[in-house]
Amino acid sequence: MAKERRKIEIRGIVQGVGFRPTVYRLAKKYNLKGSVLNDSKGVTLDIEGYSKDIDSFSEELKRNPPPLADIEELSSKKLPPKNFREFKIIESEKGEEKRTLVSPDIATCRDCKKELLNNKDRRYLYPFINCTNCGPRFTITKELPYDRKNTTMKRFEMCEKCRTEYEDPENRRFHAQPNACDDCGPHLKLLDCKGKDIKGSSIDKTSKFLKEGKIVAVKGLGGFHLACDAENETAIKTLRERKKRPFKPLALMAKDISVVSRFVHLSNEEKELLESPRAPVVLLKKREKCVLPENIAPNNNFLGFMLPYTPLHILLFQNLEVLVMTSGNKRDEPIAFGNKEAVKKLKDIADYFLVHDRDIWIQADDSVVRVIDGETLFLRRSRGYSPGPLRSPLGNKKKIIGFGAHKHNTFSISRDDEIFVSHYIGETDNLETIKAFERGIKHFINFFDIPPDIAVVDLHPEYEATKFGKKWAEKNKKPLIEVQHHHAHIASCLVDNGLDEKVIGVAWDGTGYGADEKIWGGEFLIADLKKYERKAHLEYIPLPGGDVAVKEPRRMGATYLYKTFGEDFLNLDTDFVKKLDRGKWKLIENMIDKKVNSPEVSSIGRLFDAVSSILGIRDFITYQGQAAIELEMTADKKEKEGYNFNLKSKKTIYVIDSKPVIKSIINDIKKRVPRSNISMKFHIGLADLIVEVSKILRKEAGINKVCLSGGVFQNIILREEATKRLKNEEFKVYNHKKLPPNDGGISAGQVAIAMKTQ
Ligand SMILES: [Zn+2]
Ligand SMILES: [Zn+2]
């Protein structure tokens with residue numbers, strides 16, 4: 001049989017994921033000669049051998065790529081033979097390497113876990129074991145190329161044994177930049193709350209303290225967690241009090257899948273996500289008889305679980321089963337990631353600190369996902385996913401930076417057809433978060449060598465991210481574009497689905513600055529990446545007290561009742577009205593009537609708040625979306641009826657009147673219909689409304705594709721009902737896939753719009 005030579009080009013996520021060593025090992029296995037190199041498009045092989053061997057090689061590579069690789073395309077063409085003698089990994093040119101990607105951080109792989117727990121292995125119980133297929137990446141890398149000297153591992157010189165592994169292309173640790181062992185690598189330390197060393201085995205002591213109900217700040221991949229025993233209600237209560245976080249659900253980490261399944265229901269997709277190398281927090285439906293304390297996630301039917309994703313976690317869980325592992329931050333501040341910083345900021349929350357000397361260069365909170373209809377829905381896209389780029393359907397030679405919005409904020413920077421969406425920054429309204437935002441932006445620009453040519457900000461003049469972006473553009477003398485919030489939402493859904501065309505965009509959220517300077521949030525747009533037209537919206541209603549009303553859903557409840565029934569609402573025979581403080585209401589009524597500090601809003605988020613409060617579910621909130629989430633949790637899915645909104649046509653725009661819905665809810669309350677049914681009828685009413693308006697717009701504009709975006713679509717009942725009902729009417733429905741529907745996706749949408757228009 002004749003030998004042949006082929007050029008094989010591979011596209012997809014194939015760089016910074018141990019692809020070349022895998023190719024090297026497979027080439028050896030099939031006795032192929034030639035070379036492999038990274039280039040701007042991906043990985044290119046120049047390979048020679050028997051054709052059946054090359055075929056088997058390609059097959060195996062496709063079937064069994066490195067865990068984090070994703071082969072989008074593999075093309076091959078014949079070349080004249082050259083009789084190569086050996087197989088080589090060709091080092092990339094420096095310029096090229098800046099284009100390569102560094103992979104996100106990766107959970108400890110099976111092989112490393114095995115070695116970690118094998119008392120014959122030289123890394124037995126070593127908490128920093130890693131290999132080409134796993135370990136820290138993005139969070140320890142200061143600049144590209146991804147090379148040890150450019151990571152925070154620089155200060156640790158590899159011992160001879162580690163170096164031998166590192167230099168051997170056939171070793172699993174070939175070019176594993178964080179490679180280390182107990183002799184040459186980082187070490188653990190346990191500190192008390194004053195930052196003083198505690199002698200003895202750090203892991204054993206930590207487990208012991210946790211079992212005693214103490215709170216320990218544990219340094220992870222992208223920052224500190226605050227950990228406590230998840231079966232100890234008092235410890236959780238203490239953690240909540242110290243963190244000033246009374247209700248927001250806390251994430252959990254469990255030893256393994258079997259422990260998780262004792263507390264929650266698990267589908268195959270959910271299991272896969274939990275055990276995936278990206279190891280996100282997955283929101284899972286609680287079992288009826290879940291024995292974990294209610295105060296982990298009050299009034300919530302879901303628990304957020306993750307599995308141990310670093311060797312340190314695995315060691316901790318040798319003696320433990322389930323821990324609360326919530327972000328190590330003070331309320332609303334970014335996650336702490338430096339040792340000294342953590343002790344300084346968290347000393348009033350944590351009793352102890354489990355730290356180490358491998359520095360984190362850039363923080364990354366845990367990613368949070370849930371599964372709907374077998375698909376992943378991101379609530380937060382960060383560790384394990386960032387900075388993996390999103391591929392846009394457009395390319396643009398100009399580099400664009402989007403500064404995002406306000407809540408759940410991220411920023412995004414583009415290069416050609418790639419959009420690099422940042423790690424989770426959080427709510428950019430306090431100094432610490434803004435500093436983290438600024439540092440992140442600087443890091444990304446330098447890291448990927450993408451000095452932006454164009455800046456994009458939200459239309460809201462008061463958002464800190466907008467102000468920051470404007471200053472940035474001025475300082476760097478770059479053009480600035482302002483994008484309307486809900487247009488950015490729909491654009492993010494378009495780019496998330498690889499679309500570049502006109503769609504019906506349903507953008508529902510809590511707050512977004514409108515083109516008429518009012519607050520939007522219940523919007524139907526006809527939009528593409530160029531422009532949008534507002535076609536329908538929820539009727540404006542006053543928001544008495546502005547932000548105060550956002551934190552106090554009962555104000556929205558009273559306002560909706562007032563607008564629906566007039567002053568007579570005070571005579572309604574419902575618990576909500578009976579317990580309403582008349583004196584306070586008079587003041588609010590005055591504000592509304594005199595239009596004092598009562599901006600007008602068309603927000604579905606506020607309508608959710610109103611209904612939640614009228615039903616007696618939630619009058620005050622302590623975290624964003626709480627009233628709506630608890631209303632969703634109450635819904636009884638067996639209910640099949642829905643409430644009817646009234647659609648009023650005003651010239652070219654439709655206004656959605658929710659008064660009939662409020663009236664029906666009051667009628668149902670009077671008839672003592674359970675609130676679980678009322679909640680479901682409200683959800684179905686909203687889903688039907690989406691279908692009704694979409695049908696009108698389809699008729700008017702001849703568009704059959706619907707994009708659903710905005711924070712409201714984190715609500716699975718609404719998303720499921722709307723999607724199902726739209727599909728029944730032959731619509732093509734697009735939900736988010738890789739970006740969160742909330743404001744975490746805004747920056748990518750902003751960039752996509754600039755890509756199209758600039
Ligand atoms: Zn490994
Ligand atoms: Zn070593």
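This is a predicted model: local features need pLDDT of at least 70, side-chain atom pairs count only at pLDDT 80 or more; totals for chains, interfaces and linings use all residues.

**Rings, cysteines and zinc**

Trainee: How exposed is Tyr532?

Mentor: Tyr532 is partly exposed, at 25% relative accessible area. That class runs between buried (under 20%) and exposed (over 50%), using a 1.4 Å probe and protein chains only.

Trainee: Got it. How many aromatic pairs does the structure hold?

Mentor: There are 23. A pair means Phe, Tyr or Trp rings (the six-membered one for Trp) with centres within 6.5 Å; planes under 30 degrees apart are stacked, over 60 edge-to-face, the rest tilted. Trp520 and Tyr532 are edge-to-face, because their ring planes meet at 80°, with centres 6.5 Å apart.

Trainee: Where do those two lie?

Mentor: Trp520 is in strand 22 (residues 519-527) and Tyr532 in strand 23 (residues 532-538), so the pair ties together parts 12 residues apart in sequence. Helices (H or I, at least four residues) and strands (E, at least two) are DSSP runs numbered from the N terminus.

Trainee: And Trp520, buried or exposed?

Mentor: Trp520 counts as buried, at 3% relative accessibility. Now take Tyr562 and Trp585: centres 5.4 Å apart and planes at 75°, so that pair is edge-to-face. It links distant parts of the chain, 23 residues apart: Tyr562 sits in helix 16 (residues 553-565), Trp585 in helix 18 (residues 582-593). Both Tyr562 and Trp585 are buried.

Trainee: Which residues form an aromatic cluster?

Mentor: Phe403, Phe448 and Trp472 are among the members of one.

Trainee: Which charged end sits over the ring of Tyr540?

Mentor: That of Lys518, 4.5 Å from the ring centre. Lys3 does likewise over Tyr50, at 5.5 Å. The test is NZ of Lys or CZ of Arg within 6 Å of the ring centre and within 35 degrees of the ring normal.

Trainee: Which residues are the protein donors of the zinc ion (ligand 2)?

Mentor: Cys159, Cys162, Cys181 and Cys184, each through SG, at 2.3 Å. Donors are N, O and S atoms within 2.8 Å of the metal (3.2 Å for Na, K and Ca), and sites may look incomplete without water.

Trainee: What spacing do they have in sequence?

Mentor: C-x2-C-x18-C-x2-C. Cys162 is in helix 5 (residues 160-167), while Cys184, 22 residues apart from it, is in the loop between helix 5 and strand 6 (188-192). Cys162 is buried, at 0%, and so is Cys184, at 10%.

Trainee: Last one. What is Thr206 in contact with?

Mentor: Beyond neighbours within four places in sequence, Thr206 contacts Leu190, Val216, Leu316 and Leu354. Contact means heavy atoms within 4.5 Å. Thr206 lies in helix 6 (residues 202-211) and is buried, at 0% relative accessibility.

How values were computed
Residues are numbered from 1 along each chain as its sequence is written. Chains are lettered from A and ligands numbered from 1 in the order in which they are written. Side-chain values use heavy atoms; hydrogens and water are left out.
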